[in-house]
Structures are given as C-alpha cells and as structure tokens.
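Hello,

Here is the structure I promised to hand over. Please open it and keep it beside this email as you read.

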Amino acid sequence: MSTLNASLSSGPISGPSVEKMAVKLEVVVIPVADVDRSKEFYTKLGWRLDADFPFNNGFRIVQFTPPGSGCSVQFGSKITSAAPGSAQGLYLIVSDVEAARKDLVARGVEVSEVFHPGTPGAQFQIGGSGRVSGPAPEHATYNSFATFRDPDGNGWLFQEITTRLPGRGFSNLDVATLAELLQETEKHHGEYEPTAPKHHWWDWYSAYIVARENGRTPEEAARDAKIHVEGAR
C-alpha cells in the first residue's frame with residue numbers, strides 16, 4: 001500500500017493547527033453603461049470617491065465607498081462583461097431605514113417607501129410583489145427595507161439592523177462603526193454610573209461590548225455589564 005493510501009485508510013491526516021487567515025470582502029464590481037453618469041449618481045448619494053483612474057487603452061476604474069462601510073464598489077470601462085444594470089439585491093445595512101431613506105430623498109434620489117416582506121424574499125422582487133407598507137412590527141431587526149436603483153437599474157437595498165444575531169456582531173470594526181458603538185456604550189454607562197458601586201469604567205465597557213458582539217440588545221448588554229461589575233444578586 002502506498003504511503004498516501006495508508007494515510008487515507010487510517011483517518012484524517014493530522015498536522016499543526018493553522019490559524020484562520022482573515023479574508024475580507026474589499027470591493028463589489030457593478031456593471032454600468034455610462035461611467036460619468038454613474039459617477040455623478042454615486043456622488044449625489046454622498047458616497048466617498050476613492051479613485052478615478054483612466055488608462056490609454058480605454059480601461060477606466062472608478063471606486064466609491066458608502067459612509068461607514070468597510071467594502072467599496074467599483075465600476076468603469078472594460079472592467080466587467082456583465083450587462084449594465086444586472087447587479088441586484090446589493091445590501092446597505094443601516095440602523096434606521098426611515099432616516100436613511102429620508103437622506104436620499106433629500107438628495108434627489110428616488111427611493112421606495114419603507115416596507116417589510118409579507119412573503120419570504122419579497123424584498124428582492126423588482127415589481128414589489130409581497131411587500132407590506134411600513135417598517136416591520138416593533139422594527140424587528142433584519143426585517144425593514146427600502147430600495148433604490150442607479151441610472152442603469154442596478155438594485156440597492158437598505159436593510160435595518162438594530163441587533164445582530166449571535167456571531168454576526170462587531171468583528172473587524174471600521175472606525176465609524178466602532179465610534180458609534182463606543183458612543184452607545186458611553187450612553188448606557190452614563191445611565192448606570194450615578195447609582196453604581198465604585199468600579200473601573202473599562203470593566204463595564206468590556207462586558208457591554210462583548211455582550212453586543214454576542215448579539216445581545218443594548219438593554220441586555222447593559223444588564224450583563226452590571227452583573228459583571230456587581231456580580232449576580
């Protein structure tokens with residue numbers, strides 16, 4: 001029996017454990033017909049223009065980044081063979097979908113009304129089938145949406161997330177999201193501090209942030225941090 005066959009017959013090959021390498025989504029390419037028209041549109045959204053590089057052979061790449069996003073979008077000339085407007089269901093995560101919608105409307109962008117799915121997957125139906133007007137009852141996290149399209153018809157989707165599922169929290173934070181989380185933590189610690197026993201603020205902050213990372217709501221995280229500081233009573 002060969003060495004390879006012997007290894008396979010005796011079970012999994014063991015070896016030193018390998019630390020999982022971070023693999024981060026950096027850019028999503030969207031297909032457009034008119035680069036300058038698209039550049040004007042995404043500028044109007046208030047997104048940051050990172051690059052506009054034209055080359056002598058007709059290749060051109062334009063990159064924008066939404067506010068607070070760790071991932072950017074690119075479009076240009078000779079960058080993709082996909083049909084203009086064929087990118088659909090591109091998620092933009094927001095903490096307040098109604099405020100996000102109002103911001104784009106104020107910028108002159110046509111945006112759907114806020115809705116929640118009446119049937120599974122209704123948020124992806126271009127004709128609006130299965131959508132129920134208004135946010136989800138009690139603004140249930142992950143369930144309120146609004147949609148808009150760029151000049152080519154590429155479809156964008158605002159999704160309101162107020163509390164993430166466990167394991168889908170604040171890993172690999174960008175600066176804007178970390179600042180928002182620290183502001184939230186400071187607010188809840190400020191509500192706790194007047195009646196709190198003497199403690200180090202960083203103990204409370206750490207317990208709060210870990211709880212939020214694990215999918216706890218702000219109120220639940222504040223209770224967890226209190227228990228961490230004071231102990232269970």
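**Start at Thr65**

Thr65 is buried, because its relative accessibility is 3% and buried means under 20%. Keep in mind that this is a predicted model.

Where does Thr65 sit? Its place is in strand β3, which covers residues 60–65.

Next, look at its neighbours. Leaving out residues up to four places away in sequence, Thr65 touches Trp47, Arg48, Asp50, Cys71 and Ser72. The side chains of Thr65 and Asp50 are joined by a polar contact of 2.4 Å.

**The sheet around it**

Now zoom out. Strands of a sheet pair through backbone hydrogen bonds, and they can be parallel or antiparallel. Here, four strands form an open sheet. Their order is β1-β4-β3-β2, and the pairing is mixed. Which strands are at the edges? They are β1 (27–29) and β2 (48–54), and each pairs on one side only. From one strand to the next, the twist averages 20 degrees.

Then follow β2 and β3. These two strands run antiparallel, and six bridges join them.

Last, find helix α2, residues 35–44. Helix α2 lies across β2, β3 and β4 (72–77). It runs at about 10 degrees to β3, the strand that holds Thr65.

Best wishes

Notes: Residues are numbered from 1 along each chain as its sequence is written. This is a predicted model: local features need pLDDT of at least 70, side-chain atom pairs count only at pLDDT 80 or more; totals for chains, interfaces and linings use all residues. Side-chain values use heavy atoms; hydrogens and water are left out. Buried means under 20% relative accessible area, exposed over 50%, partly exposed in between (1.4 Å probe, protein chains only). A polar contact is a pair of N or O atoms within 3.5 Å; within protein, one must be able to donate a hydrogen and the other to accept it, and residues adjacent in sequence count only if both atoms are side-chain atoms. Contact means heavy atoms within 4.5 Å. Two strands pair if DSSP finds at least two bridges between them. Axes are lines fitted to C-alpha atoms, for helices over the stretch in contact, and angles run from 0 to 180 degrees between N-to-C directions.
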